[in-house]
Structure formats: structure tokens, C-alpha cells
Amino acid sequence: MVSDDCLFCRIVRGEIPADVVAEGESWLAFRDIQPQAPVHVLVIPRRHVESVDSLAPEDADLSGDLLLAAAEVARVEGIAESGYRAVTNVGERAGQSVFHLHVHVLGGRRMRWPPG
Ligand code: 5GP
Ligand code: ZN
């Protein structure tokens with residue numbers, strides 16, 4: 001299922017351009033428009049899922065695909081060795097602003113922990 005007015009569904013459909021760095025059958029990875037680190041890539045499912053909180057047991061394969069995709073992106077972007085963060089925000093209070101599940105892959109600099 002896709003959502004007509006969802007920004008990331010529109011990117012999946014090619015209606016909005018994106019700098020795609022890798023893709024798989026069930027997912028797409030593209031550069032964040034407002035990068036917070038030298039490498040900042042978003043990994044999203046092609047199918048519309050609102051957030052991790054909306055995942056169902058039958059989405060187990062898709063969930064695994066997204067984490068494996070994050071690791072692939074890190075390798076392709078050359079940050080697998082130096083370290084990176086794979087993070088997904090759930091809900092507005094946690095910083096989610098686009099309500100189509102996405103994993104941020106951030107690296108290329110030292111990452112502070114804990115986040116604010
Ligand atoms: P969130 O705040 O929901 O965790 O992350 C949404 C991310 O999407 C933000 O980091 C934001 O910069 C990025 N973003 C918002 N609009 C666009 C867009 O049109 N294209 C791309 N590539 N990234 C976007
Ligand atoms: Zn969507």
C-alpha cells in the first residue's frame with residue numbers, strides 16, 4: 001500500500017527526485033536533504049508503513065531487510081569501519097517529522113551519545 005500524499009511514497013514513485021545511493025526489492029536508500037553528518041542516508045520501505053510502532057508480525061522480513069540495508073549503505077558509503085548510527089524516530093516527540101518509516105544512517109564524524 002502507498003499513500004498519495006506521503007512525501008516518501010512520492011519519492012518511491014519517482015514523483016519527487018532523490019539522490020538514491022542503494023536499493024533493494026523492498027527498500028530504497030537516499031541522501032537526507034538536510035544532512036546532520038558527512039554521511040546521512042535514509043533507508044525506507046517501498047511500502048508505506050508509518051513507523052516501527054506500526055510494524056506487524058508479518059513485517060518481520062521487511063524489518064530485517066531494512067537493518068541489512070542500513071549495513072549495506074554503511075559499507076557502500078565507507079563508514080562501516082569507522083562506525084555509524086542507525087536510528088529511527090517514532091512519533092513527533094521523538095523527532096519524527098515524516099510519517100513513513102525510515103532508518104537514518106549517520107556517520108563520517110564522531111557521534112555524541114546520548115542524543116538530546
Ligand atoms: P525524521 O525527523 O522524521 O526522523 O526524519 C525525516 C528526515 O527526512 C529529516 O532528516 C529530513 O531532513 C528529511 N527530509 C525531509 N524532506 C525530505 C525530502 O524531500 N527529501 C529528502 N531526501 N529528505 C527529506
Ligand atoms: Zn509513505
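The model is predicted: local features need pLDDT of at least 70, side-chain atom pairs count only at pLDDT 80 or more, and totals for chains, interfaces and linings use all residues. Residues are numbered from 1 along each chain, chains are lettered from A and ligands numbered from 1 as written, and side-chain values use heavy atoms, without hydrogens and water.

**Stop 1: ligand 1.** Select ligand 1 and its shell (residues with a heavy atom within 4 Å). There are 15 residues in it, and D32, N89, G95, S97 and H104 are the closest. By class, six are nonpolar, seven polar and two charged. Here Ala, Val, Leu, Ile, Met, Phe, Trp, Tyr, Cys and Pro count as nonpolar, Asp, Glu, Lys and Arg as charged, and the others, Gly among them, as polar. α1 (7-12) and β2 (27-31) each supply at least two shell residues. Helices (H or I, at least four residues) and strands (E, at least two) are DSSP runs, numbered from the N terminus.

**Stop 2: polar atoms.** Show N and O pairs within 3.5 Å. At R31, a backbone N or O atom lies 2.9 Å from a ligand 1 nitrogen. At S97, a polar backbone atom is 2.6 Å from a ligand 1 oxygen. At H102, a side-chain N or O atom is 2.9 Å from an oxygen of ligand 1. Alone, ligand 1 exposes 520 Å², and the protein buries 83% of that (Shrake-Rupley, 1.4 Å probe).

**Stop 3: the largest pocket.** A pocket is an open set of points on a 1 Å grid over the protein atoms alone, where a 1.4 Å probe fits, with protein on both sides within 12 Å along at least five of seven lines; lining residues have an atom within 4 Å of a point. The largest has a volume of about 830 Å³, counted as the space filled by probe spheres on the points. Of its 32 lining residues, D32, Q34, Q36, H40 and H104 are closest to the centre. α1 gives the largest share, three residues.

**Stop 4: P114.** Select W113 and P114: a cis peptide bond joins them, with omega about 0°. P114 is in the segment after β5. Most peptide bonds are trans.

Technical notes. Polar contact = N/O pair within 3.5 Å; in protein donor to acceptor, adjacent residues only side chain to side chain.
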